[in-house]
Amino acid sequence: MSDIDWRICGGLEEMAEAVADEIEAVIRMALDGHGEALIALPGARSPIPVFRRLAKADIAWDRVTIVPTDDRLVPLANALSNASALIEHFEPVGARVVPLVVDEVAGEAGDYRGAGRDADARLAALRWPPDLVWLGVGVDGHTASIFPGPDLTAALGCADERRALGVMPDPLPPEAPVARVTLSLAAILSARFLMLSCAGGIKRAVVERAIAEGPASAAPIGQVLARAKAAVAIYWSPA
């Protein structure tokens with residue numbers, strides 16, 4: 001396990017500002033170091049305040065590539081799409097957004113593993129590794145779309161060189177009952193810098209328990225934190 005740095009924030013607005021500042025700093029470091037930046041950002045609603053702040057940063061967005069950490073197997077126009085929020089906030093400022101799920105395969109929900117292979121081929125064309133991967137965590141301990149289910153072992157396979165794969169959570173989350181495409185654990189762990197953000201006492205307890213359990217943790221976030229070699233910053237807000 002790498003060094004874990006808890007960064008306690010007074011509220012969601014303070015956390016959004018701190019996370020946006022951290023991502024901006026990593027992007028600037030990458031641009032100074034190798035002329036371009038590759039970052040992976042989460043979806044859903046909670047990252048939107050960070051996206052809004054980050055998109056206002058005066059940086060060379062035309063040299064920044066952004067991929068989702070995971071996505072739902074839906075078209076980009078669907079409200080469940082994670083890539084659509086990234087496109088909305090970052091393409092207008094000049095960044096390149098590379099979706100994990102494209103419309104051509106989004107309708108093939110029955111072939112979610114094929115959608116994962118398609119995403120993996122798309123990521124293979126990018127400069128690797130990512131400069132930053134920003135993760136969230138669920139109350140069940142999932143992170144990105146690494147959920148319990150038939151594809152958990154494949155998603156956690158660090159020896160697997162695949163960067164993305166299709167997964168079918170079991171049970172399906174009621175708020176988004178569809179198959180997913182996610183970065184693999186190996187892809188997440190390859191990042192130069194890892195960041196996790198969460199809010200509330202329940203999620204903090206989930207993360208603290210996962211850290212305490214170490215490599216024996218059954219929670220996907222526990223496997224990420226136990227195997228991480230890069231520095232991990234955990235941003236937490238009480239609400």
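This is a predicted model: local features need pLDDT of at least 70, side-chain atom pairs count only at pLDDT 80 or more; totals for chains, interfaces and linings use all residues.
**Entry 1: burial and the aromatic rings**

I call a residue buried when its relative accessible area is under 20%. F90 has a relative accessible area of 0%, so I put it down as buried. F51 comes out at 1%, which makes F51 buried as well.

Next I looked up how these two rings sit. A ring pair is described by the distance of the centres and the angle of the planes. My count for the structure is 3 aromatic pairs. F51 and F90 make one of them, edge-to-face, with 5.5 Å centre to centre and 70 degrees between the planes. F51 belongs to helix α2 (residues 48–54) and F90 to helix α3 (residues 82–90), so this contact ties together parts 39 residues apart in sequence.

Then I checked W61 against F90. Their ring centres are 5.4 Å apart, and the planes meet at 40 degrees, so I logged the pair as tilted. W61 sits in the loop between α2 and β3 (64–68), F90 in helix α3, and the two are 29 residues apart. Is W61 buried or exposed? W61 is buried, at 3% relative accessibility. I also noted that F51, W61, F90 and W134 form one aromatic cluster.

**Entry 2: an arginine over rings**

I asked where the charged end of R204 goes. It sits over the ring of W236, 4.7 Å from the centre. R204 also lies over the face of W6, at 5.0 Å from that ring's centre.

**Entry 3: salt bridges**

My search of the whole structure gave 10 salt bridges. I followed R7 first. D5 and R7 form a salt bridge, and their closest N and O atoms are 2.9 Å apart. R7 also meets E22 in a salt bridge, at 2.1 Å from N to O.

D5 is partly exposed at 34%, R7 is partly exposed at 26%, and E22 is buried at 18%. The cut-off for buried is under 20%, so a value of 18% falls on the buried side.

R28 and E24 came next, with a salt bridge whose closest N and O atoms are 2.9 Å apart. Both residues lie in helix α1, 4 residues apart, about one turn of the helix. R28 is partly exposed, at 35% relative accessibility. I also wrote down a network of salt bridges that links E36, R127, D131 and R192.

**Entry 4: the largest pocket**

I got a volume of about 1,100 Å³ for the largest pocket. How many residues line it? The lining has 41 residues, and G43, A44, R45, S46 and P47 lie nearest the centre of the pocket. The elements that give two or more residues to this lining are α1 (12–34), α2, β4 (70–72), α3, β6 (132–135) and β9 (194–199). The largest share, 4 residues, is from α1. By class, I have 23 nonpolar, 11 polar and 7 charged residues in the lining.

**Entry 5: helix α9**

Last, I checked how covered α9 (residues 220–227) is. The helix is mostly covered, with 7 of its 8 residues buried. I listed the buried ones as P220, I221, G222, Q223, V224, L225 and A226.

Methods
Residues are numbered from 1 along each chain as its sequence is written. Side-chain values use heavy atoms; hydrogens and water are left out. Buried means under 20% relative accessible area, exposed over 50%, partly exposed in between (1.4 Å probe, protein chains only). Rings of Phe, Tyr and Trp (its six-membered ring) pair if their centres lie within 6.5 Å; planes under 30 degrees apart count as stacked, over 60 as edge-to-face and the rest as tilted. A charge sits over a ring if NZ of Lys or CZ of Arg is within 6 Å of the ring centre and within 35 degrees of the ring normal. On a 1 Å grid over the protein atoms alone, a cavity is a set of points where a 1.4 Å probe fits but cannot get out, and a pocket is an open set with protein on both sides within 12 Å along at least five of seven lines; lining residues have an atom within 4 Å of a point. Grid points are joined across faces, edges and corners, and a volume is the space filled by probe spheres set on the points. Ala, Val, Leu, Ile, Met, Phe, Trp, Tyr, Cys and Pro count as nonpolar, Asp, Glu, Lys and Arg as charged, and the others, Gly among them, as polar. A salt bridge is a side-chain nitrogen of Lys or Arg within 4 Å of a carboxyl oxygen of Asp or Glu.
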